[in-house]
Amino acid sequence: MNDLDPPGAIVVTHSDNFDPQLPANKDIAQPSGDRPTLDGQQDTATSPSARLQELRKLLNRASYAYYVLDDPFMEDAIYDRLYRELQDLETAFPELVTSDSPTQRVGDRPAEQFTSVQHNIPLYSLENAFDGADLRKWDERWRKIEALENAQYVCELKIDGSALALTYENGIFTRGATRGDGTTGEDITQNIKTIRSIPLRLNLEAIGLTTPPARVEIRGEAFLPLDTFEQINQERDNAGEARFANPRNAAAGTLRQLDSRIVAERQLDFFAYTLQFPEGQNLPDELQPQSQWDSLELLRSLGFRVNPNRRRCQSLGEVLSYFEDWDQKRHDLPYMTDGAVVKLDSKRLQRELGFTQKFPRWAIALKYPAEEVPTSMQRVTFQVGRTGKVTPVAELTPVQLAGTTVARATLHNGDRIAELNLHLGDTVIVRKAGEIIPEVVRVLPELRPAQAQPVSMPSHCPECHEPVVRPDGEVDTRCVNPSCPAIVRGALIHWVGRDALDIDGMGKKLVEQLVDKGLVKSMANLYGLTTEELASLERMGKKSAQNLVNAINQSKSRPWSRVLYGLGIRHVGSVNAQVLAQQFTTVETLAQAEPEAIAQVYGIGDEIAQAVHAWFQLPTNQQLIAQLQAAGLQLAGEAPAETGEQSLRGKTFVVTGTLPTLSRTEAKQRIEAAGGKVTGSVSKKTDYLVVGADAGSKLKKAEELGIEQLSEDQLEQLLAPSQAG
């Protein structure tokens, strides 16, 4: 194939697989007169537009057979000739170039930067299970919501790579983004186009459709095959460059290359595992699979590579059997896997169960035990985070673990130190929690040196030397001095981050300088910095200082939700901040709200509500808010549009089953617009259960509790006063 493809010949498996309509050695005719073909003859039968379409279709089919099906039908030389013909034709007729052409997989020049994009549908992470007991607890939890006797599961290997979000509009690939925080990622469309197992056009013909859906969202994992990973590291060794620690890091680093030509050379691969359609589309039956298994089959038909090592299971016992089967076999795979993803097969059940703030309730990652290695602990240091949490860290004799050199490992908290009975000089067993964060899991006391001193938590903050406290009911020890340099540094680094105020040029080292020199004692102080003060810092010229002042001033326009996230209130992530900012549209309304009122917001529980309320009660935080207001930051947003008299205010609803005309999202939006609240499970606090076809256990529970049931028509009657307004 062409020079962008991996080495290795493509052979003709059956001659009749070759497209009989394609001339073996012919070029095409220009519309304004004939031109010579490759064999010196004239060809006037095919228009440029038709020939282009023919070439793209054939080359895309050849790539699909090679990269997805592993069943090539075209010789290398033939592919090269057709590809060059396509390039020549598109050069002659640039107005006929389309985004799904094979020639558009690699950009001509590097991108200047990546831009942040909002995901059309959020990308949730997965809850982890580490053994059969964890798996059964997960199973019991969802069964409390939907008490089914029988349920099928689908198991897929968990690929150790980078999650991607792909968008197809009218069947054409239009955008690809990194997962990011699940709500916002980076647009890396041109880099994703270089992955040959990702189609640039959906193969709708394979399922008998001629009209494409308006938009399709595909989720999957980009990864580096192990042989490619080794080849890249060998090349980096030869070039005197640092090796990649593991294939996951290599894949993530590759996807963020500004030059798509480098991405193409590294030959990333991709497995698709989810397809979703935004609400409101009128879809044919072929695009509405009723199970996870059928979704994977549909993805394969549409042109994606899906993991072949998947299994449909009838019980948890079969799930565990699948998991155990692959524990040893996974080492023979051509890619890295660290476990299995277990999903409920029924799409209806997935919709019923929904999501928590972080995870889908209907899926879980069953992880293999992490690699463990022994090493000696030299000493313990204590780190202070932005919330004042004091974390003990073991300083270790460096050791290789899961592809990286580990010299430090978390000890979590004082309880963990006591549980381990840790002493200086101990030989400890280290592993990577979730194969990411190194942690000490146990001590080998038989190897303990004589006279070894026990480790304990400090009584005073290692940064500001003020006394530390351990609040009742918590395992963490905290510094509560708001002026502690460690807390100030952490708060500032959080404040200037991309998901918060996104102050370009304000990095960690600069923040440390500002705090160490006493120029900044809170985020409000940033807005009083002068060019002269910044220019006095290391590696900061006058122009750089002025650019930073401009960036600080630009951050004043960030919306209220990002300011709220930037405040760093415990338990308030970027998604929760958006939810709170939509409900409490000014800082005053949120600061004055009681915990009970905050907890009433959909998705916000008691723990978050208490943390928010407590934060606003502190005089130092009240002073900070006043300073930020004086500096001109956005501490208010637009009030949500309200129609009519909010007839459902104070009422709690649950929606179950399939409604005749409304989707569950539409029903939820209508209820909330009328002032009502929609929750995911039935309880004594539920006022109404809206019931559609195929209702599950929620109906039974509502009947037991005597909760009033509504049809869609009856719901419309309740909504009528609001609609009339």
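Predicted model: local features only at pLDDT ≥ 70, side-chain atom pairs only at ≥ 80, totals over all residues.
Colleague: How many helices and strands does the protein chain have, and what share of the residues is buried?

Modeller: The chain has 24 helices and 22 strands. Of its 725 residues, 49% are buried.

Colleague: Why is Asn307 called buried?

Modeller: Buried means under 20% relative accessible area. Asn307 has 6%, so the term applies. Asn307 sits in the loop between α8 (292-301) and β9 (311-313). Apart from neighbours within four places in sequence, Asn307 is in contact with Leu157, Ile159, Phe271 and Tyr335.

Colleague: What makes the pair of Asn307 and Asn309 a polar contact?

Modeller: The cut-off for two N or O atoms is 3.5 Å. A polar atom of the Asn307 side chain lies 2.8 Å from the backbone nitrogen of Asn309, so the pair is within that limit.

Colleague: Thr183 is in a loop as well; why is Thr183 called buried?

Modeller: Its relative accessible area is 13%, which is under 20%, so Thr183 counts as buried. The loop in question runs between β5 (172-178) and β6 (184-186). Leaving aside neighbours within four places, the contacts of Thr183 are Val117, Gln118, His119, Val575 and Gln578.

Colleague: How do you know that the buried residues of α6 are on the same side of the helix?

Modeller: The buried residues of helix α6 (residues 247-255) are Pro247, Arg248, Ala250, Ala251, Thr254 and Leu255. They cover an arc of only 165° around the axis, which puts them on the same side of α6.

Colleague: What makes β12 and β13 a pair?

Modeller: Two strands pair if there are at least two bridges between them. Strand β12 (residues 372-384) and strand β13 (residues 389-401) are joined by seven bridges, so they qualify, and they run antiparallel.

Colleague: Why do β2 and β11 count as paired?

Modeller: They have two bridges, and at least two are required, so they count. β2 and strand β11 (residues 363-367) pair in the parallel sense, and Asn128 has Ala365 in β11 as its bridge partner. Both strands belong to an open sheet of five strands in the order β2-β11-β10-β3-β9, with mixed pairing.

Colleague: What makes β2 and β9 the edge strands of that sheet?

Modeller: Each of the two pairs on one side only.

Colleague: Which residues have the most contacts inside the largest nonpolar core?

Modeller: That core has 56 residues, and those with the most contacts inside it are Trp495, Ile503, Met506, Leu526, Tyr527 and Leu628. A second, separate core of 40 residues includes Val154, Ile192, Phe229 and Phe277.

Conventions
Residues numbered from 1 in each chain as written. Heavy atoms only, no water. Buried < 20%, exposed > 50% of the residue type's maximum accessible area, 1.4 Å probe, protein only. Helix = DSSP H or I, 4+ residues; strand = E, 2+ residues; numbered from the N terminus. Arc of directions from axis to C-beta. Polar contact = N/O pair within 3.5 Å; in protein donor to acceptor, adjacent residues only side chain to side chain. Contact = heavy atoms within 4.5 Å. Core = buried A, V, L, I, M, F, W, Y, C linked by side-chain atoms within 4.5 Å.
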